[in-house]
Structures are given as C-alpha cells and as structure tokens.
Amino acid sequence: MIRSVVRGIGSALPRRIMRNADFEGIVETSDEWIAQRTGIRQRHIAGEGETTASLGEAAARAALDNAGLTPDDIDLIVVATSTPDNTFPATAVDIQNRLGMRHGFAFDLQAVCSGFVYAITTADLYIKGGLARRVLVIGAETFSRILDWTDRSTCVLFGDGAGALILEAEESEGRVSDRGIIASSLRSDGAHKDKLFVDGGPGTSGTVGHLRMEGREVFKHAVGMIADVIEDTYAKAAITSEDIDWFVPHQANKRIIDASAKKLGIAEGKVVTTVQLHGNTSAASVPLALSVAVADGRIQKGDLVLLEAMGGGFTWGAVLVRW
Ligand code: UT7
C-alpha cells in the first residue's frame, strides 16, 4: 500500500513580537489575566509587507530546504487558512507563483483552527488516490488582521505565523510501526457556527469582518470533542495513549491542552506546548508546534505523533503519524 510520509518541515513567524504587557495600554487587561487564563505570554504580529502568502512562502521554502527538495519536486500545494490575502485567487496559487512553480495544482482549504488537520488528511487522500506524489501542506494565518482590537476577550488570544510539511508517497506494509500517516478522524457540526465566527464576508456584508467568539462556550465543548476524535483515531490504529510518543495539539489555551491530555491519559512529558510563544495561530498552530519540537530534537524519525485541533464551525479532528 501507499503511505504519505513526512519528508520535511518548516515554519515562519512575523518579525514583531507582542508581549502580554503590550496590551495593557490598548484594552483593560493584564499580563497576569492572559497568562493565567490561557498560558499565552507573547505572539507574533504581521507588519508591513508580511501577509499570509509571504509567511506561507517562507515556511514552504524552509520545508523544502529541510527535505532537500525544490519546488520542481512538488505536485500539489494545499494551504489551510481562514485569513487569505484576497477572497480569491487562493493563497495556495499565490504561494505556487512565489515559488516559481509552473506545474501541478494548488488550492486553499478552510476549516479554521482545524485547517491543518483537515489539510494533511486531504493531502494524504490525494497521495493515496494517485493524484499527487509530493504535497506541500501549509497552515498560514494573519489573524491579527481580522481581530477587533477593542475587544479584550478576543484580541489578546491570537497571533500570526505559518508552518509547512512535505508529504511524499512511499510503498509501505501499512503497519502501525511503519512511517507515515496512519489514521485520521475528522468532524464538524454547523449547529455551533455562531459560537466562533467572523461577522462579515463576500456573500453577506461585502466586508472582511471581525472575529467574534463566545470563549466560554467554545471551551465547554473543546475537551470532549477533542477526546472523541482522538479515541476514534486510536480505534482505527488499534493503539492507546501509552503508544504515543508526542501529543501535538492545537494551541488555543493551555488549560484546554492540559485537560485534554489528562482526560486521555497522555503523560505530561509527551505534550508539546507552544501557546506561550505563539498564541493561537489557528491553522498554523499545529505545524508551528511540530516545527519547534522537531527543531529542538524532541520529535525524532520513527516517533508516533498525535495531532489534534478544534475550532470555528465547530470543526475538529485528529491525525496519527509515524514521523
Ligand atoms: O482556536 C479555536 C478554539 N478557541 C478556543 O479554544 C478558545 C476557548 N476559550 C478559551 O480559551 C477561554 O474561554 C478564554 C481564554 C477565551 C476566556 O477564559 P475564561 O476563563 O473562559 O474566561 P471568561 O470568558 O469566563 O471570562 C471571565 C472574566 C469575565 O469577566 P466577569 O464577567 O467575570 O466580570 C471577562 O469579562 O474575564 C473577563 N475577561 C478579561 N479580563 C481581563 C475576558 N477577557 C479578558 C481579558 N483581560 N483579556
């Protein structure tokens, strides 16, 4: 059988870092409140000339370098984003052009914070279906540009950035011990669409709109939904939390991450947490966290890595990959 194996990884962050204390002059908040309630200490905010496509391109180039590949080797680019540079064309084709790629195909995928988990699963199916051999999967966001900077309940939570992964088709025996994507589980439920949304768009207001969230409502559902898809993924692969080497969750709130790991019985030392550094970067959060844990040597070839995300829609999902 064919497996989609990780060939390279890269990331990119805006130059400007905004620390919690920097919000104290903008809205009524404090470093203490933000750190205690979310675990966030700082986030990167895109400046002039930095956009979703420019960050995505930088992450893609880093992943190509890491893999020892060039854009010529890529067949498909999938970009997970809810903050495209333009309503259309897709940010993915902009990145394709920036990379000088005149072949293959590229498209965006929108599942908000679950975008990367959806994108990696989509790329896996394109590879298994024979439509692509090597796929660049990118999560790239500039959420700072859709925040209401007068709303303290949301503006302190998000940051900008991008992460990229290259998946490659490889012949496999299909065992859990073999490298590549082993199992995925995706869910959505539009009944929750008004709990985390943007109050504008081309089909309604004709404007971009601002992010709105009932934080407590999202929090209430998050841990149970995350646990459900992870348990489904475990069942598909016939494994348990004991078998996991690294848990790389969506980075929205440290309290959600800790509660999910506890509910699933995943040991604290196996959890990769980067929310303190990046804030919530939506579809970029999982590949950014992966990049950190690969760069510092925690995630090694052959490790069993569990990815998870939950966000607007609601959408949620989990992916199990042998690195
Ligand atoms: O990535 C997509 C998924 N998104 C998430 O997973 C986010 C999920 N939700 C959360 O992470 C949390 O609900 C928040 C971090 C958004 C909020 O934490 P919370 O513990 O649920 O706080 P809360 O919304 O219940 O608010 C508690 C208090 C309120 O004041 P009162 O009503 O108790 O007087 C808020 O007005 O904290 C107040 N508050 C703030 N205070 C200082 C809200 N935002 C702030 C702030 N600074 N920035």
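Student: What does Asp258 meet in a salt bridge?

Tutor: The side chain of Lys254, at 2.8 Å, N to O. A salt bridge here is a side-chain nitrogen of Lys or Arg within 4 Å of a carboxyl oxygen of Asp or Glu. Lys254 is partly exposed too, at 35%.

Student: Why are Asp258 and Lys254 separated by about one helical turn?

Tutor: Because they are four residues apart in helix α7 (residues 254–264). Helices (H or I, at least four residues) and strands (E, at least two) are DSSP runs, numbered from the N terminus.

Student: Before I go on, where do these values come from?

Tutor: This is a predicted model, where local features need pLDDT of at least 70, side-chain atom pairs count only at pLDDT 80 or more, and totals for chains, interfaces and linings use all residues. Residues are numbered from 1 along each chain as its sequence is written, and side-chain values use heavy atoms, with hydrogens and water left out.

Student: OK, how many salt bridges does a search of the whole structure find?

Tutor: It finds 15. One of the pairs is Glu168 with Arg134, at 2.4 Å, N to O. That pair links distant parts of the chain, 34 residues apart: Glu168 is in strand β7 (residues 160–171) and Arg134 in strand β6 (residues 134–142).

Student: Is Glu168 buried or exposed?

Tutor: Buried, with a relative accessible area of 10%. Arg134 is buried as well, at 17%.

Student: New topic: which domains is the chain divided into?

Tutor: Domain 1 (2–171) and domain 2 (180–322), with bounds from an automatic or database domain assignment. Between them, 51 residues of domain 1 are in contact with 48 of domain 2, where contact means heavy atoms within 4.5 Å.

Student: And how many salt bridges are found across the interface of domain 1 and domain 2?

Tutor: The rule finds one there.

Student: What about polar contacts across that interface, how many residue pairs?

Tutor: There are 22 residue pairs, both at pLDDT 80 or more. A polar contact is a pair of N or O atoms within 3.5 Å; within protein, one must be able to donate a hydrogen and the other to accept it, and residues adjacent in sequence count only if both atoms are side-chain atoms.

Methods:
Buried means under 20% relative accessible area, exposed over 50%, partly exposed in between (1.4 Å probe, protein chains only).
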